[in-house]
Amino acid sequence: MTRTLAEWLAYQERVNVHSIELGLDRVREVWQRMGAPAPARRVITVGGTNGKGSTVALLEAMLRAAGLRVGSFTSPHLTDYNERIRLDGANADDAALVASFERIEAARGAAGDDAIPLTYFEFGTLAALDLFARAALDVAVLEVGLGGRLDAVNIIDADVAIVTTVDLDHMDWLGPDRDSIGREKAGIARTGRPVIIGELAPPAGLLDALLACGARIERAGVDFRAERHIDGWRWLHRDGSAMELPEPALAAPVQFANAAAAIAALHALWADDVAFAPKDVFAAVSAGLHEVQVPARLQSLGGDPALVVDVGHNPQAARALAEWLDTQPGGRVHAVYGALADKDVSGVIGALGPRIGHWHLAGLDRVSPRGLAAAALAGVLRQALPQAVFDVHADVAGALAAARAAARPGERILAFGSFFVASAVIADAAG
């Protein structure tokens, strides 16, 4: 009997005892059994701690504005699983995903005793590659799920790799410091091919690993840079290329760094294959900056008090939120905040500090085994910010309702801390 998409996803969550199982051997073997076709003429792989989703969206918008057929793979999703796999600007439909999962299930030998085990994420990665290969794409843009070197996406050799940022997250899997995490993220680069580093001060571990593998390193602030000015911003490259550009449609100052890295990746891609480049690079980049959309990255949901939602969930992302708040007009900020237990909650709270006037803490233990209960979250808040004003709620809906009741016109509600928080708030706002 044919499974529905929902049934397939439920099956994938229980078929492997491990929700995360890093390593390429199993997923590569299944892909080879499926014929291992190229997912597109060119592949860009995007890794990093923060900024991956925005950078993928920027690349997709610019490449499509250049007239190219583009596929993008991202994770996790906010409301519908289909968001993870986009083909030429549209989410993959249920029927295509189901057909792909059936092909993957057959290739892994599910009917036999020696079936190759796959995780939920690995099923999704293979489905993306399968659907991309069938769609005659010009470019596939692949977002790394966790780390880089051993992430399922890394079975594909990228023509250009991007490492957006490196910060402390997923330390149980990737290592205890920025150097070790950077070495893991460097694994998506390939010998002789460009790798774009999006942050100004990358860790030595990342640079050392990239030098060792022989990748062509292009660094923000060294090989390319973004210069902001009153009328927009300028992108410049050490080869003399320069463009005066409009501001990205995405909010937050950090988006200039993401946009600069995305442009550097396209610059490298098109320099290696001039015939592949659009006739008007400036027009494609400008249109992409103007048209790019990605939900839950400082997404405004309107209202007064204003409601803004963001998926930021680690200290680096919280520092970016703090930088954005510092550019906004005055008015008390109400935080709707929930977190997973393996995140640096104290670091997040410390990064935002007194910018938050009232914390409305949401328990996530009902929606994820990794979710932190509101009482535990409150305990961390008391230690990290003893003077904080807060209340606790069993779930996001309760925290959001409390924030709306407490906030006054002219104030702001900022909902953040997890994709679980962002998806619940967006669903509530949609009615």
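Modeller: Happy to! Helices here are DSSP runs of H or I with at least four residues and strands are runs of E with at least two, numbered from the N terminus. This is a predicted model, in which local features need pLDDT of at least 70 and side-chain atom pairs pLDDT 80 or more, while totals for chains, interfaces and linings use all residues. Residues are numbered from 1 along each chain as its sequence is written, and side-chain values use heavy atoms, leaving out hydrogens and water.

The pair to look at is helix 14 (residues 396-406) and helix 15 (residues 419-429), whose axes come within 10 Å and cross at roughly 60 degrees (axes are lines fitted to C-alpha atoms, for helices over the stretch in contact, and angles run from 0 to 180 degrees between N-to-C directions). On the helix 14 side, Val396, Leu400 and Arg404 make the contact (heavy atoms within 4.5 Å). Helix 15 answers with Phe420, Val421, Ala424, Val425 and Asp428. Sorted by type, the residues of this contact are six nonpolar, two charged and no polar (Ala, Val, Leu, Ile, Met, Phe, Trp, Tyr, Cys and Pro count as nonpolar, Asp, Glu, Lys and Arg as charged, the others, Gly among them, as polar).

Next comes strand 17, which spans residues 412-416. Five of its five residues are buried, so strand 17 is mostly covered (buried means under 20% relative accessible area with a 1.4 Å probe, protein chains only). Arg412, Leu414 and Phe416 point one way, Ile413 and Ala415 point the other way, and all are buried. Strand 17 runs parallel to strand 13 (residues 306-309), to which four bridges join it (strands pair if DSSP finds at least two bridges between them). It is also parallel to strand 14 (residues 333-337), this time over five bridges. Ala415 turns up in both pairings: Val309 has Ala415 as its bridge partner, and Val336 stands opposite Ala415 as well.

Elsewhere, there is an open sheet of three antiparallel strands in the order 9-10-11. Strand 9 (224-229) and strand 11 stand at the edges with a single partner strand each, so one side of each has no neighbour in the sheet. From one strand to the next, the twist averages 15 degrees. Strand 9 is joined to strand 10 by six bridges, and strand 10 (residues 232-237) pairs with strand 11 over four. Arg234 links the two pairings, as the bridge partner of Glu227 and standing opposite Glu244 in strand 11.

Strands 10 and 11 form a hairpin with four residues between them, and Gly240 in its turn has a positive phi of about 100 degrees. Helix 10 (residues 281-291) lies across strand 10 and strand 11, at about 35 degrees to strand 11.

One last stop is Ala107, in helix 4 (residues 94-107). Ala107 counts as buried because its relative accessibility is 12%. Beyond its neighbours within four places in sequence, Ala107 is in contact with Val30, Arg33 and Met34.

Technical notes:
Buried means under 20% relative accessible area, exposed over 50%, partly exposed in between (1.4 Å probe, protein chains only).
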